[in-house]
Amino acid sequence: MLRLAGVEKRLSDKDIMKGLILENEDVFCESECEEIMRVITRKPCINQYKCNVVIEMRGEVFKKAIRKGKLFLNLVATYVSEYMETVQCFKCWRFGHTQKRCGRMSRVTSVENNIEAGMIVVKGLLIA
Ligand SMILES: [Zn+2]
């Protein structure tokens with residue numbers, strides 16, 4: 001994931017994605033932002049009017065952006081860096097996404113399914 005530092009808070013996710021594509025033609029060749037990236041979350045920044053935006057990007061685009069070190073957004077050079085955070089889903093307990101974006105069945109359901117399949121689950125740990 002990519003972290004875009006100091007992005008104006010008033011910009012919507014769509015504005016950010018469209019802006020990045022329009023202003024950084026050397027990085028983004030396509031015009032359909034939904035296929036290239038999506039905004040995952042926004043983190044607070046020292047400046048109260050700005051935030052740090054975490055964006056998930058397609059591999060080759062991500063590499064280009066990191067190599068470049070900055071992306072233009074609203075005519076401002078915005079610094080980019082690789083963003084790594086261990087996100088864990090409270091619904092299925094897997095890593096890499098949050099409950100809001102979970103497409104899997106809940107942990108309770110999967111535990112029941114494991115028991116049905118003959119597996120023993122103790123305190124949430126699969127032991128057999
Ligand atoms: Zn999940």
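Me: Where does Met84 lie?
Reply: Met84 is in the loop between β5 and α4. Helices (H or I, at least four residues) and strands (E, at least two) are DSSP runs, numbered from the N terminus. This is a predicted model, in which local features need pLDDT of at least 70 and side-chain atom pairs count only at pLDDT 80 or more, while totals for chains, interfaces and linings use all residues. Residues are numbered from 1 along each chain as its sequence is written.

Me: Is Met84 buried or exposed, and why?
Reply: Met84 is exposed because 9 other C-beta atoms lie within 10 Å. A residue is buried if 20 or more other C-beta atoms lie within 10 Å of its own, exposed if 12 or fewer, and partly exposed in between, with C-beta atoms placed from the backbone.

Me: How many residues separate Met84 and Met1 along the chain, and what separates their C-alpha atoms?
Reply: They are 83 residues apart along the chain, and their C-alpha atoms are separated by 6.6 Å.

Me: What about Trp93, where is it?
Reply: Trp93 lies in the loop between β5 and α4 (107-116). Its phi is positive, near 70°, in a residue other than glycine. Trp93 is partly exposed, with 13 other C-beta atoms within 10 Å.

Me: And which loop holds Leu75?
Reply: Leu75 is in the loop between β4 (70-73) and β5 (76-82). Although Leu75 is not a glycine, it has a positive phi of about 65°. Leu75 counts as exposed because it has 7 C-beta neighbours inside 10 Å.

Me: Changing topic, how many helices and strands are there in the chain?
Reply: The chain has four helices and seven strands. Along the sequence, the pattern is β-α-α-β-β-α-β-β-α-β-β. Of its 128 residues, 18% count as buried.

Me: Which residues have the most contacts inside the largest nonpolar core?
Reply: They are Leu4, Leu20, Met57, Val61, Ala65 and Leu71, in a core of 20 residues. The elements giving two or more residues to this core are β1 (2-8), α1, β3 (50-57), α3 (59-68) and β4. A nonpolar core is a set of buried Ala, Val, Leu, Ile, Met, Phe, Trp, Tyr and Cys residues joined through C-beta atoms within 7 Å.

Me: What is Val61 in contact with, leaving aside its neighbours within four places in sequence?
Reply: Val61 is then in contact with Val27, Phe28, Ile36 and Met37. Two residues are in contact if their C-beta atoms, placed from the backbone, lie within 7 Å.
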